[in-house]
Amino acid sequence: MLKIKKAVPDFFSIANLIMGCQAIVFAFDRNYHYAALCIGLAAVFDFFDGFFARLLKVGGEFGKQLDSLADAVTFGLAPGMIMFQLFKEIIEMNTISSLNKSPYLHFLPYIAWMIPVFSVIRLAKFNIDARQTNNFIGLPTPANAAFFAFIGFVCQNSYGVFKENYLFLLDLKLLIPLIVFMCFLMVSEIPMFSLKFKNFSWSSNRLRFLFLAAVLGLFLLSGAFAIPIGVLLYVVASVLNYFFNFN
């Protein structure tokens with residue numbers, strides 16, 4: 001029975017990894033819709049592996065390392081591949097006319113590899129940092145992955161055609177600084193609140209409830225566009241919470 005209990009969180013970690021692998025396959029095919037959905041589903045699995053480890057009291061070093069290795073693929077390599085392919089498409093569409101004649105133009109997609117590199121650094125720091133048991137220091141890799149994965153999602157319709165209304169998101173002059181900024185956040189010392197609920201009392205989880213309500217409202221108003229906005233809102237809320245302590 002104990003072996004079965006221990007296998008439950010590991011099952012969700014492996015499911016997380018499989019979704020990450022499939023997201024990479026979809027990114028290769030430039031199907032950002034399904035790639036983003038795979039990363040979103042992987043985030044659910046990632047939540048449940050920790051949830052069941054705590055519930056069943058079977059957490060251990062093996063599960064911790066398995067979770068981190070799965071996260072490195074799903075929340076590091078997969079969003080990096082999505083952005084790599086997006087960069088290539090942007091260049092092919094010649095959306096950045098000022099860079100068309102640059103000899104360095106075709107090297108720009110490799111900037112996307114900052115995402116897996118800094119994600120792995122972030123995960124390594126998390127594994128050895130005893131301060132991050134209840135909350136986070138630096139942006140969690142699932143949040144960073146969701147941010148970039150759903151940029152591709154909201155810009156592309158179900159037929160693989162980019163939406164004219166959201167083409168401003170596919171400007172390299174915007175995406176490159178965003179990648180640098182988000183990678184900095186992952187390895188920064190900025191405290192970030194966790195969405196893990198130890199109980200459901202209002203006094204203990206005021207900020208979590210308010211944040212989830214805000215994201216739900218954004219989702220009802222703007223659909224999947226709420227995901228990248230919600231990640232930025234999470235960063236802002238975390239900084240404000242650090243200074244004003246809303247919990």
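Let's start with F48, which is partly exposed, with a relative accessible area of 28%. Keep in mind that we are looking at a predicted model. Which ring does F48 pair with? Its partner is F12, and the two form a tilted aromatic pair, with 5.9 Å from centre to centre and 35° between the planes. This pair links distant parts of the chain, since F12 sits in helix 1 and F48 in helix 2, 36 residues apart. F12 has a relative accessible area of 15%, and because buried means under 20%, F12 counts as buried.

How many aromatic pairs does a search of the whole structure find? The answer is 13. Another one of them joins F126 and F136, again tilted, at 6.1 Å centre to centre and 45° between the planes. F126 belongs to helix 4 and F136 to strand 1 (residues 136-137), so this pair ties together parts that are 10 residues apart in sequence. F126 is partly exposed at 25%, whereas F136 is buried at 15% relative accessibility.

Now, on to charges. Side chains of opposite charge can pair when their charged atoms come close. In this model the count comes to two salt bridges. In one of them, the side chains of E92 and R30 meet, at 2.9 Å from N to O. E92 is in helix 3 (residues 61-92), while R30 is in the loop between helix 1 (2-28) and helix 2 (32-56), so to speak a link between distant parts of the chain, 62 residues apart. R30 is partly exposed, at 23% relative accessibility.

The other example brings K125 together with E189, and their closest N and O atoms are 3.6 Å apart. Where do these two sit? K125 is in helix 4 (residues 114-128), and E189 is in the loop between helix 6 (172-187) and strand 2 (191-192), 64 residues apart. Both ends are partly exposed: K125 has a relative accessible area of 30%, and E189 has 47%.

Let's finish with helix 8, residues 226-244, where we find L232. L232 is partly exposed at 36% relative accessibility. Leaving out residues up to four places away in sequence, L232 touches F147 and M182. The C-alpha atoms of L232 and M182 are separated by 9.6 Å, although the two residues are 50 apart along the chain. Y242 is in helix 8 as well, and Y242 is exposed at 53%. Together with V236, L240, F243 and F244, Y242 makes a nonpolar surface patch of about 570 Å².

Key
Residues are numbered from 1 along each chain as its sequence is written. This is a predicted model: local features need pLDDT of at least 70, side-chain atom pairs count only at pLDDT 80 or more; totals for chains, interfaces and linings use all residues. Side-chain values use heavy atoms; hydrogens and water are left out. A salt bridge is a side-chain nitrogen of Lys or Arg within 4 Å of a carboxyl oxygen of Asp or Glu. Helices (H or I, at least four residues) and strands (E, at least two) are DSSP runs, numbered from the N terminus. Buried means under 20% relative accessible area, exposed over 50%, partly exposed in between (1.4 Å probe, protein chains only). Contact means heavy atoms within 4.5 Å. Patches are made of residues with over 30% relative accessible area and no salt bridge: like charges are joined within 9 Å, nonpolar side chains (Val, Leu, Ile, Met, Phe, Trp, Tyr) within 5 Å. Accessible areas come from the Shrake-Rupley method with a 1.4 Å probe; for residues, only the protein chains shown count as cover. Rings of Phe, Tyr and Trp (its six-membered ring) pair if their centres lie within 6.5 Å; planes under 30 degrees apart count as stacked, over 60 as edge-to-face and the rest as tilted.
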